[in-house]
Amino acid sequence: MARMVAIKNMIESQISVRDMSIGINRRWQRRGQVIPLPYETVEQLLWQDGFRRMID
């Protein structure tokens with residue numbers, strides 16, 4: 001079983017992550033929504049400035 005990381009929307013707006021090079025397209029519709037992402041995918045996304053700013 002793959003390790004998963006729960007990403008939670010903490011703002012009153014929609015946010016999305018889309019990167020076709022690693023095959024990810026996710027959208028958080030409302031505040032408090034949690035979407036699990038594979039750990040390996042999050043590791044790759046953290047190298048991107050936009051995703052890192054969103055997480056910080």
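Student: In which loop is Q33 found?

Tutor: Please note at the outset that this is a predicted model. Q33 is found in the loop that joins β3 (24–28) to β4 (34–38).

Student: Is Q33 buried or exposed?

Tutor: A residue is called buried when its relative accessible area is under 20%. Q33 has a relative accessibility of 17%, so it counts as buried.

Student: Which residues is Q33 in contact with, leaving aside its neighbours within four places in sequence?

Tutor: Two residues are in contact when heavy atoms lie within 4.5 Å. With those neighbours set aside, Q33 is in contact with I7, K8, N9, R27 and W28.

Student: Where is D56 placed, and is it buried or exposed?

Tutor: D56 belongs to the segment after α2 (49–55). The term exposed applies over 50% relative accessible area. The value for D56 is 74%, and D56 is therefore exposed.

Student: How far apart are D56 and N9 in sequence and in space?

Tutor: Separation along the chain and separation in space should be read as two quantities. D56 and N9 are 47 residues apart in sequence, while their C-alpha atoms are 12 Å apart. For a second pair, S13 and Q48, the separation is 35 residues along the chain and 21 Å between C-alpha atoms.

Student: Where does S13 lie, and how accessible is it?

Tutor: S13 lies in the loop between β1 (4–8) and β2 (15–19). Its relative accessibility is 38%, so S13 counts as partly exposed.

Student: Let us turn to the whole chain. In what order do its elements run?

Tutor: The protein chain has two helices and four strands. From the N terminus on, the order is β-β-β-β-α-α. The radius of gyration is 11 Å, close to the 10 Å that the globule rule gives for 56 residues, so the chain is as compact as a globular protein of that length. Along the principal axes, its C-alpha atoms fill a box of roughly 30 × 25 × 20 Å.

Student: What share of the residues is buried, and what is the accessible surface of the chain?

Tutor: Buried residues make up 25% of the 56 residues. The accessible surface comes to about 4,400 Å², and 48% of this surface belongs to carbon and sulfur atoms.

Student: How many positive and negative charges are there, and how far apart are their mean positions?

Tutor: The chain has 9 positive and 6 negative charges, and their mean positions are 7 Å apart.

Note on methods
Residues are numbered from 1 along each chain as its sequence is written. This is a predicted model: local features need pLDDT of at least 70, side-chain atom pairs count only at pLDDT 80 or more; totals for chains, interfaces and linings use all residues. Side-chain values use heavy atoms; hydrogens and water are left out. The radius of gyration is taken over C-alpha atoms; the globule rule is 2.2 Å times the number of residues to the power 0.38. Buried means under 20% relative accessible area, exposed over 50%, partly exposed in between (1.4 Å probe, protein chains only). Accessible areas come from the Shrake-Rupley method with a 1.4 Å probe; for residues, only the protein chains shown count as cover. Lys and Arg count as positive and Asp and Glu as negative; His and the chain ends are not counted. The place of a charge is taken as NZ of Lys, CZ of Arg, CG of Asp or CD of Glu.
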